[in-house]
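Work through the exercises below with the coordinates open. Each task is followed by a solution in steps.

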Amino acid sequence: MTFASTSVPRHLLRGAIGFGSLIAAFALIPVVGAWSLLLLPVTFLAFRGCPTCWVIGLLETISRGKLQRECVDGVCKLTTAS
């Protein structure tokens, strides 16, 4: 399973939506009460599960096309794409 997006800007937009809705969910509690916690599912959808998944996806998106895996006789290693 890959967490990468099609582009870095798109992935950063998902992060901004995820972190924004996470912060808003807790910052708005004094204003609208527990109803603000309804923003948490937006956070999980934007992060595709959790903030760690989002960071892994960012790293995958950045490295896409720069690294490749070569497997010879059952031994695999990462090399730079040529």
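The exercises that follow concern a predicted model.

**Exercise 1. Overall form**

Task: Describe the order of elements in the protein chain and set its radius of gyration against that of a compact globule.

Solution. 
1. The protein chain contains four helices and two strands. Read from the N terminus, their order is α-α-α-α-β-β.
2. For 82 residues, a compact globule would have a radius of gyration near 12 Å, but the protein chain has 18 Å.
3. Along the principal axes, the C-alpha atoms fill a box of roughly 60 × 25 × 15 Å.
4. Of the 82 residues, 24% are buried. The accessible surface is about 5,800 Å², and carbon and sulfur atoms account for 72% of that surface.
5. Among contacts with a separation of 6 or more, 48% are between residues 24 or more positions apart.

**Exercise 2. The buried face of H3**

Task: Find which residues of helix H3 are buried, and decide how they are arranged about the helix axis.

Solution. 
1. Helix H3 covers residues 40-47, and its buried residues are Leu40, Thr43, Ala46 and Phe47.
2. Viewed down the axis of H3, these buried residues fall within an arc of 120°, so they line one face of the helix.
3. The packing partners of the buried residues of H3 are helix H1 (8-27) and helix H4 (51-63).
4. After H3 comes Arg48, which has a positive phi, near 55°.

**Exercise 3. An aromatic cluster**

Task: Classify the ring pairs Phe19 with Trp54 and Phe47 with Trp54, and state the exposure of each residue.

Solution. 
1. There are three aromatic pairs in the structure. In one of them, Phe19 and Trp54 have ring centres 5.7 Å apart and planes at 85°. Planes over 60 degrees apart count as edge-to-face, so the Phe19 and Trp54 pair is edge-to-face.
2. This pair links distant parts of the chain, since Phe19 lies in helix H1 and Trp54 in helix H4, 35 residues apart.
3. Phe19 has a relative accessible area of 35% and is partly exposed. Trp54, with a relative accessible area of 10%, is buried.
4. For Phe47 and Trp54, the ring centres are 6.4 Å apart and the planes stand at 55°, so the pair is tilted.
5. Phe47 has 1% relative accessibility and counts as buried.
6. Phe19, Phe47 and Trp54 together form one aromatic cluster.

**Exercise 4. Cysteines**

Solution. 
1. A pair of cysteine sulfur atoms counts as a disulfide within 2.5 Å. The count by this rule is one disulfide.
2. Cys71 is partly exposed at 48% relative accessibility, and Cys76 is partly exposed with a relative accessible area of 43%.
3. Residues under 20% relative accessible area are buried.

Technical notes. Residues numbered from 1 in each chain as written. Predicted model: local features only at pLDDT ≥ 70, side-chain atom pairs only at ≥ 80, totals over all residues. Heavy atoms only, no water. Buried < 20%, exposed > 50% of the residue type's maximum accessible area, 1.4 Å probe, protein only. Arc of directions from axis to C-beta. Contact = heavy atoms within 4.5 Å. Phe/Tyr/Trp six-rings, centres within 6.5 Å; stacked < 30°, edge-to-face > 60°. Rg over C-alpha atoms; globule rule 2.2 N^0.38 Å. Areas by Shrake-Rupley, 256 points an atom, 1.4 Å probe, with all protein chains shown as cover.
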